[in-house]
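Me: Got a model open here and I'd like to go through it with you. Can you look at it alongside me?

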Amino acid sequence: KNQVEQSPQSLIILEGKNCTLQCNYTVSPFSNLRWYKQDTGRGPVSLTIMTFSENTKSNGRYTATLDADTKQSSLHITASQLSDSASYICVEPSFSGGYNKLIFGAGTRLAVHP
Amino acid sequence: EAGVAQSPRYKIIEKRQSVAFWCNPISGHATLYWYQQILGQGPKLLIQFQNNGVVDDSQLPKDRFSAERLKGVDSTLKIQPAKLEDSAVYLCASSLVGSMNSPLHFGNGTRLTVT
């Protein structure tokens, strides 16, 4: 069964600190891996889309890494800000049952405290 | 560019009542998706349209849920009759094409509470 699992489920850090969120996927064959940020009460917003040939990709203070051998991805947030408080969702496309589908993880809820 | 527009933002209904949500995707986006997001979970696909045709509705509870995209632009999702377990955020998303490499753009959702 194609799955995307994220850890930790929730995380609290102090403003200015770094953190790393993890994503393990079982989807095969691999197409790409996406990270989304979802603020409370808002829709998810794309942070990065990583293809097979990319093992690291940055978007400002967000850096995503991909290890296709171990089927793991991580999202590293540097010098966290209060506005980073959100859910971070890992997403993997899958071809299943004749359809292309996006498999969403349950997300990591990050709280940045002053 | 204007984003994906959804309305209403919030809706509270009693079980067995009906409700409808509206979505206007980004102009020119051929593919439109409706997702259900239960609190603490990732979004779950309900239905995917390519222009005005249904691509995937395998996870849509068709006994109570229906959706249409008549002119290939905006779309409505209806629940009739609603159940308590339908309480969730209903997200609409669009993409330029329906390939798995095309980024999705989400609206801010409609939060439905069924009492």
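Me: Which residue in E3(A) is the bridge partner of Glu5(A)?
Reply: That's Asn24(A). Strands here are DSSP runs of E, at least two residues, numbered from the N terminus, while helices are runs of H or I, at least four. Two strands pair if DSSP finds at least two bridges between them.

Me: Before I go on, what should I know about the model and the numbering?
Reply: This is a predicted model, where local features need pLDDT of at least 70 and side-chain atom pairs count only at pLDDT 80 or more, while totals for chains, interfaces and linings use all residues. Residues are numbered from 1 along each chain as its sequence is written, chains are lettered from A and ligands numbered from 1 in the order in which they are written, and side-chain values use heavy atoms, with hydrogens and water left out.

Me: OK, back to the sheet. What's the strand order in chain A?
Reply: E1-E3-E8-E7-E6, an open sheet of 5 strands with antiparallel pairing. Twist averages 20° from one strand to the next, with axes as lines fitted to C-alpha atoms (for helices over the stretch in contact) and angles from 0 to 180 degrees between N-to-C directions.

Me: And what happens at the E6 end?
Reply: E6(A) and E7(A) run antiparallel, joined by 4 bridges. They form a hairpin with 2 residues between them, and Gly60(A) in the turn has a positive phi of about 65°. Ser58(A) stands opposite Thr63(A) in E7(A).

Me: Which non-glycine in chain A has a positive phi?
Reply: Lys71(A) does, at about 55°. Lys71(A) is in the loop between strand E7 (62-67) and strand E8 (72-77) of chain A. Most residues other than glycine have a negative phi.

Me: Where are the cis peptide bonds?
Reply: One joins Ser7(A) and Pro8(A), with omega about -10°. Pro8(A) is in the loop between E1 and strand E2 (10-14) of chain A. Another joins Gln80(B) and Pro81(B), with omega about -5°, and Pro81(B) is in the loop between strand E8 (75-79) and strand E9 (88-95) of chain B.

Me: Switching to chain B, what's the order in its 4-stranded open sheet?
Reply: E1-E3-E8-E7, with antiparallel pairing. Strand E1 (5-7) and strand E7 (65-68) are the edges, and the twist averages 15° from one strand to the next. Strand E3 (residues 19-24) and E8(B) pair over 5 bridges, with Val19(B) opposite Ile79(B).

Me: Now the interface. How many residues of each chain are in contact?
Reply: 21 of chain B and 20 of chain A, contact being heavy atoms within 4.5 Å. The two chains bury about 1700 Å² between them, 51% of it on carbon and sulfur atoms; that's accessible area (1.4 Å probe) lost on being put together, summed over both. In chain B, Met100(B), Phe106(B) and Asn108(B) lose the most area to chain A, together 33% of what that side buries.

Me: How many salt bridges between them?
Reply: 0, counting a side-chain nitrogen of Lys or Arg within 4 Å of a carboxyl oxygen of Asp or Glu.

Me: Which elements of chain B give two or more residues to that side?
Reply: Strand E4 (31-37) and strand E6 (53-56) of chain B.
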